[in-house]
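Please keep the sequence and the 3D view at hand while reading.

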Amino acid sequence: MEDFEPCRPGLRIAAVEGDVMVQEWRYVHNEIVPPAAMTPDEARERVRRYRLENAYLGDTLVGCSTVRPPEGQERVATVIARVLPAFRRRGIGTALYEAGLAHARGLGARAVETVVLAANADGLRFAAGRGFVERERYVLDGERDEWVDLRLADPASGPS
């Protein structure tokens, strides 16, 4: 397993491997986006398709991320960083985002998107602060929660 050691002392970002880490990733995901809560089987399936990472401050789980590989002619990747509310505004989201962005670019992404639950004001501010611009708001069929798709305005922004 490759760990990413960001500049934040004590913060470690690790690729999700094994059932314990999948369950940790699922816990953070479900806390941040309850309308899209996953079962254990759905989370295990997700780790087979995407790059999932967990963030730890010391031994404490503080966040997670998802990188969906580039698709289509535009080579659009999706990078999503999630940080538990008690650990926000400490650089953890930035470290997760930068690690995810670097991974997406390593896969050949030419454009980067993210998706945020519209009710997550912190997440929308975080995305806007990194240069993402809103592309679309929508509600999934049969659901009530609104989602926001955003795209990185300047594909050259962020770490290379």
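## Terms and basis

Helices (H or I, at least four residues) and strands (E, at least two) are DSSP runs, and they are numbered from the N terminus. This is a predicted model, in which local features need pLDDT of at least 70 and side-chain atom pairs count only at pLDDT 80 or more, while totals for chains, interfaces and linings use all residues. Residues are numbered from 1 along each chain as its sequence is written, and side-chain values use heavy atoms, with hydrogens and water left out.

## Overall build

The protein contains four helices and eight strands, and when it is read along the sequence these elements follow the pattern β-β-α-α-β-β-β-α-β-α-β-β. Its radius of gyration (taken over C-alpha atoms) is 15 Å, close to the 15 Å that the globule rule gives for 160 residues, so the protein is as compact as a globular protein of that length. The globule rule is 2.2 Å times the number of residues to the power 0.38. Taken along the principal axes, the box filled by the C-alpha atoms is roughly 40 × 35 × 30 Å.

Of the 160 residues, 43% count as buried, where buried means under 20% relative accessible area, exposed means over 50%, and partly exposed lies in between (1.4 Å probe, protein chains only). The accessible surface, which comes from the Shrake-Rupley method with a 1.4 Å probe, amounts to about 8,400 Å², and 49% of it belongs to carbon and sulfur atoms. Among the contacts (heavy atoms within 4.5 Å) with a separation of 6 or more, 55% are between residues 24 or more positions apart.

How do helix 1 and helix 2 lie to each other, and at what angle do their axes cross? The axes of helix 1 (residues 18-32) and helix 2 (residues 40-49) come within 9 Å and cross at roughly 105°; axes are lines fitted to C-alpha atoms, for helices over the stretch in contact, and angles run from 0 to 180 degrees between N-to-C directions. The two helices are therefore roughly perpendicular to each other, a term used for angles of 65 to 115 degrees.

On the side of helix 1 the contact is made by Asp 19, Val 22, Gln 23, Trp 25 and Arg 26, and on the side of helix 2 by Pro 40, Ala 43, Arg 44, Arg 46 and Val 47. These residues divide into five nonpolar, one polar and four charged.

## Buried residues in helices

His 29 is found in helix 1, and at 4% relative accessibility it counts as buried. Leaving aside its neighbours within four places in sequence, His 29 is in contact with Ala 36, Met 38, Cys 64 and Arg 82.

Leu 96, in helix 3, is buried with a relative accessible area of 0%. Beyond its neighbours within four places in sequence, Leu 96 has contacts that include Ile 13, Ala 55, Cys 64 and Arg 82.

## Two arginines in loops

Arg 75 lies in the loop between strand 4 (60-71) and strand 5 (76-83). Its phi is near 55°, a positive value in a residue other than glycine, and Arg 75 is partly exposed, with a relative accessible area of 27%.

Arg 89 is found in the loop between strand 5 and helix 3 (92-106). Although Arg 89 is not a glycine, it has a positive phi of about 65°, and with a relative accessible area of 73% Arg 89 is exposed.

Methods:
Parallel < 35°, antiparallel > 145°, perpendicular 65-115°, else oblique. Nonpolar A, V, L, I, M, F, W, Y, C, P; charged D, E, K, R; others polar.
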